[in-house]
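Subject: The model, and its salt bridges

Hi,

Here is the structure I promised to pass on. Please have it open while you read, as my notes follow below.

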Amino acid sequence: MISQGVRLLIIGGSDAGISAALRARELEPRSEVTVVVADGYPNFSICGLPFYLSGETPDWHSLAHRTTDEIIDQGIALRLNTFARAIDPERQVVGVVDQAGVSADLPYDRLIIGTGAEPAPPAIPGADLPGVFRLHTMDDSFALNAWMTQRQPASAVIVGAGYIGVEMADALTHRGVAVTLIQRGSGVLTTIEPELGQIVETELRRHGVSVVTNAAISAISQNDEQLAAITVGGERMAGDLILLATGVRPVTALATSAGVQLGETGAIRVNRAMETNLPDVYAAGDCVETWHSLLECPVYLPLGTTSHKQGRVAGENAVGGHRQFMGTFGTQVVKVFELAIARTGLLTAEARANGYDPLTIAVSAWDHKAYYPGAQRLDMRVTGDRVSGRLLGAQIVGHWRAEVAKRIDVFATALANRMSVDALSDLDLSYTPPLSSPWDPVQMTAQAWVSAWRAEQKK
């Protein structure tokens with residue numbers, strides 16, 4: 001039953017916080033919904049920052065999912081540039097301070113914590129030198145853009161070859177900057193199978209990016225205005241700027257100081273209703289653990305899509321609903337130069353580590369009938385369980401116009417329905433020669449997996 005007149009206070013104005021506010025107001029318009037936002041940019045697409053910095057999206061205002069006025073028009077009160085400094089769960093108030101230094105206690109009936117994540121830069125000397133940047137907020141992007149506009153750097157070093165690292169290698173190259181990309185591990189984008197990561201590395205090199213793997217950074221030095229990342233082995237990689245793209249960690253200090261428990265991942269522990277251990281206190285987004293639907297356990301997997309869904313669940317339940325967060329399979333896609341790289345479910349090593357007996361096969365297929373102009377190759381991997389035949393995961397690398405995202409979404413939908421790999425052939429998928437084939441590449445890959453699986457069983 002939906003509550004009436006709930007005072008809902010939300011800490012955090014990004015994906016989870018605004019999704020929660022909108023859902024609460026949709027279900028119970030009489031609720032008083034207030035969102036405390038640490039900066040002045042509520043509901044902005046942080047995922048869009050590389051495209052703003054590349055110049056492909058020149059107006060940063062367009063990165064807003066909704067404008068401030070649009071949010072306020074939904075009956076949501078925004079307290080911008082306001083920092084939440086303490087939660088008192090007994091009195092049900094949150095102490096805040098604004099940019100003018102004025103403090104206030106904001107009362108609540110229900111509280112949603114959406115404090116997000118923060119960069120986890122390596123603890124190395126020189127990480128705070130001028131010209132060393134991180135990229136996580138709108139202000140981070142403004143600082144980097146202003147510096148580049150003023151200095152016109154010719155070269156850059158990016159530390160970390162995850163999603164932000166490879167996207168920014170693309171963005172800076174697009175802007176005419178020579179990029180060196182440094183990765184601690186043996187390959188880029190470790191979220192996909194190594195063979196597919198090699199395709200991405202080749203694409204980076206094809207566009208002039210210098211890729212350095214198996215290189216851990218021990219320090220950053222500065223000589224005049226030139227910076228250098230120094231590896232453990234003593235190699236110096238110079239650049240006019242350095243971007244640290246070494247991952248994020250959940251922001252939890254405010255929550256834990258109020259007695260909110262963390263899980264084993266170090267993020268806030270929530271149940272699938274997004275409830276914390278404290279009465280009337282929910283949490284959602286990049287600060288919380290995420291239920292993994294295939295592993296059936298909590299993981300830390302910060303994604304914008306997940307944050308939107310969790311926020312919606314928290315907002316509904318905060319005004320009396322009973323919705324459950326259905327979980328994630330880690331479905332992701334990223335564009336790097338001319339490629340799109342997507343994954344869902346488990347990699348081979350992940351499946352094996354979690355008790356499955358995985359079989360992974362590789363298939364290369366045309367995205368549509370080859371006789372129609374513009375056909376592109378898709379490099380695909382599908383992983384299934386040898387014991388049950390159940391689908392466990394898939395990855396695709398192909399031209400970014402080749403419907404890579406659509407096809408990984410088919411695999412993700414199959415995972416959500418606990419389908420076998422064989423059952424993918426029964427799906428009624430669309431076909432016309434300019435867009436696909438009578439058997440979609442998803443189904444071709446599934447059929448190849450089933451053939452390999454049955455061949456193994458005959459041995």
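Arg386 is partly exposed, at 26% relative accessibility (buried means under 20% relative accessible area, exposed over 50%, and partly exposed in between, with a 1.4 Å probe and protein chains only). Its salt-bridge partner is Asp357, with N to O at 3.2 Å; the term stands for a side-chain nitrogen of Lys or Arg within 4 Å of a carboxyl oxygen of Asp or Glu. Asp357 is partly exposed too, at 35%. Arg386 sits in the loop between strand 24 (377–385) and strand 25 (391–399), and Asp357 in the loop between helix 9 (348–353) and strand 23 (358–366), so the pair ties together parts that are 29 residues apart in sequence. Helices (H or I, at least four residues) and strands (E, at least two) are DSSP runs, numbered from the N terminus.

A word on the source: this is a predicted model, in which local features need pLDDT of at least 70 and side-chain atom pairs count only at pLDDT 80 or more, while totals for chains, interfaces and linings use all residues. Residues are numbered from 1 along each chain as its sequence is written, and side-chain values use heavy atoms, leaving out hydrogens and water.

Now for the other pairs. The structure holds 18 salt bridges. One of them joins Asp440 to Arg407, with the closest N and O atoms 3.0 Å apart. Asp440 lies in the loop between helix 10 (404–416) and helix 11 (441–458), while Arg407 belongs to helix 10, so this pair ties together parts that are 33 residues apart in sequence. Are these two residues, Asp440 and Arg407, buried or exposed? Both are buried.

There is also a network of salt bridges that links Arg23, Glu26, Glu316 and Arg323.

Asp88 and Arg91 give another side-chain salt bridge, at 3.6 Å from N to O. Asp88 is partly exposed, with a relative accessible area of 25%, whereas Arg91 is exposed at 52%.

Asp88 also leads us to a sheet: its bridge partner in strand 5 is Val93. Strand 4 and strand 5 (residues 93–98) pair in the antiparallel sense over 6 bridges; for two strands to pair, DSSP must find at least two bridges between them. The open sheet consists of 3 strands in the order 4-5-6, with antiparallel pairing. Strand 4 (82–88) and strand 6 (103–107) stand at the edges with a single partner strand each, so one side of each has no neighbour in the sheet.
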